[in-house]
Amino acid sequence: MSDPDIKKGLAGVVVDTTAISKVNPETNSLLYRGYPVQELAATQPFEAVAYLLWNGELPNAEQLAALRATEREHRALAANVKAAIDLVPVEAHPMDEIRTAVSLLGASDAVGSGSVLDASGTPEQNLERSVRLFAALPAIVAYGQRRRRGEDIVAPRDDLDYSANFLWMTFGTEPDPVVVDAFNRSMILYAEHSFNASTFTARVITSTLSDLYSAVVGAIGALKGPLHGGANEAVLHIFDEIGEASNVNAWLDTALAEKRKIMGFGHRVYKNGDSRVPTMKAALDTLVEHYDRPDVEALYTTLANEFVARKGIHPNLDYPSGPAYNLIGFDTLTFTPLFVASRVTGWTAHVMEQAASNALIRPLSAYDGVDERHIEV
Ligand code: ACO
């Protein structure tokens with residue numbers, strides 16, 4: 001019999017306070033530092049939202065310019081990081097590649113700042129590390145996709161802001177403003193979501209007074225799983241399996257008979273729909289129009305309507321972002337790495353918040369193994 005005091009998966013358990021974001025499933029809203037995420041996605045560049053998550057306020061023009069200048073300074077792929085990526089088998093999942101790259105950045109940073117023994121760092125050091133990681137990740141993600149396609153690295157461009165430069169480094173072509181805008185919105189929507197599995201992982205690691213990079217490496221590992229970040233990739237696999245809207249019903253009959261989980265649907269916190277979906281769906285719509293792909297819209301809507309009608313389970317953010325990233329031209333394997341590039345802002349904000357009022361995170365367990373026994377001699 002299960003013990004009612006045990007909250008499997010920590011479901012419904014409030015473990016701490018946070019001032020970074022507020023998820024309200026009743027009103028279907030998500031606030032970053034008090035601002036509705038929809039408003040931020042409609043009005044802000046991702047850099048400004050990163051600043052907001054770290055500092056609690058949106059930047060003024062001067063602060064945004066300073067952040068953008070630092071981001072530009074650190075956006076090129078470091079030679080040692082490129083060499084480390086090249087050592088990762090090209091067939092490996094790119095999340096393994098990114099985990100390795102961030103781990104190396106951490107080791108290099110610890111030596112460079114002389115903080116090998118005092119890894120947890122000061123608040124100022126951690127803010128600098130957060131900005132550097134945020135700046136370094138696009139080149140790591142972009143190079144990963146290019147190397148899997150057998151293409152050469154593309155150097156960053158100083159005349160482009162974060163999102164446009166990210167697309168430039170990935171595709172090596174001038175990005176269209178419609179595409180930059182949709183991509184920027186997705187980065188903002190993925191940036192933060194309270195105590196999700198990867199963020200909680202980062203906070204657990206921070207609570208031991210370990211360093212920010214270790215916390216991010218752990219978070220990357222947690223995000224890799226298909227029940228979390230890996231779902232946006234899985235959505236594309238489902239779209240590929242179904243093919244076109246007219247196949248949805250037959251496909252769903254089989255999938256549900258086989259008791260398959262339909263990736264991109266359901267959420268631990270939101271039970272009546274994910275607050276981020278309408279904004280990402282609107283971004284997807286602009287891409288559908290830009291690339292003239294009504295077939296994608298038809299498949300998206302038919303599957304969503306049919307699954308909601310049959311199971312009452314709503315799409316989550318991964319559902320519209322998967323096809324959006326596909327239309328932009330990202331390989332399916334690159335989707336979860338894009339999530340990393342965005343969520344690193346939320347993770348690092350939580351690392352700093354956890355460090356500022358730390359308590360070691362160490363829950364208890366109820367033992368249900370064999371009774372005490374002894375070795376017979
Ligand atoms: N497809 C089919 N059935 C589902 C789905 C789904 N996507 N989601 C939930 N259900 C069903 C479960 O089978 C379960 O049914 P049962 O009671 O008959 O056994 C019931 O709904 C409750 O589901 P749980 O998995 O217990 O709910 P939980 O809150 O633990 O799960 C989760 C949330 C893990 C996200 C789940 O909905 C899921 O696996 N979804 C697919 C993966 C996914 O899209 N993840 C992305 C999360 S959002 C993000 O990372 C941006």
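Trainee: How many residues surround the ligand, and which are the closest?
Mentor: In this predicted model, 16 residues surround the ligand, and the closest are Ala231, Ile262, Phe265, Gly266 and Arg268. A residue is near a molecule if its C-beta atom, placed from the backbone, lies within 6 Å of it. Residues are numbered from 1 along each chain as its sequence is written. Local features need pLDDT of at least 70 and side-chain atom pairs count only at pLDDT 80 or more, while totals for chains, interfaces and linings use all residues.

Trainee: Where does UniProt place the "active site" feature?
Mentor: The unreviewed UniProt entry places this feature at His267 and Asp318. The two are spread over 52 residues of sequence, yet they cluster in space, with a largest C-alpha distance of 10.6 Å. Such annotations may be inferred rather than shown by experiment.

Trainee: Is His267 buried or exposed, and why?
Mentor: His267 counts as buried because it has 21 C-beta neighbours inside 10 Å. Buried requires 20 or more other C-beta atoms within 10 Å of the residue's own, exposed 12 or fewer, and partly exposed lies in between, with C-beta atoms placed from the backbone.

Trainee: And Asp318, buried or exposed?
Mentor: Asp318 is buried, as 29 other C-beta atoms lie within 10 Å.

Trainee: Which residues does Asp318 contact?
Mentor: Leaving aside neighbours within four places in sequence, Asp318 is in contact with Ala231, Asn232, Val235 and Gly264. Contact requires the C-beta atoms of two residues, placed from the backbone, to lie within 7 Å.

Trainee: Which residues does His267 touch?
Mentor: Not counting residues up to four places away in sequence, His267 touches Asp274 and Asn316.
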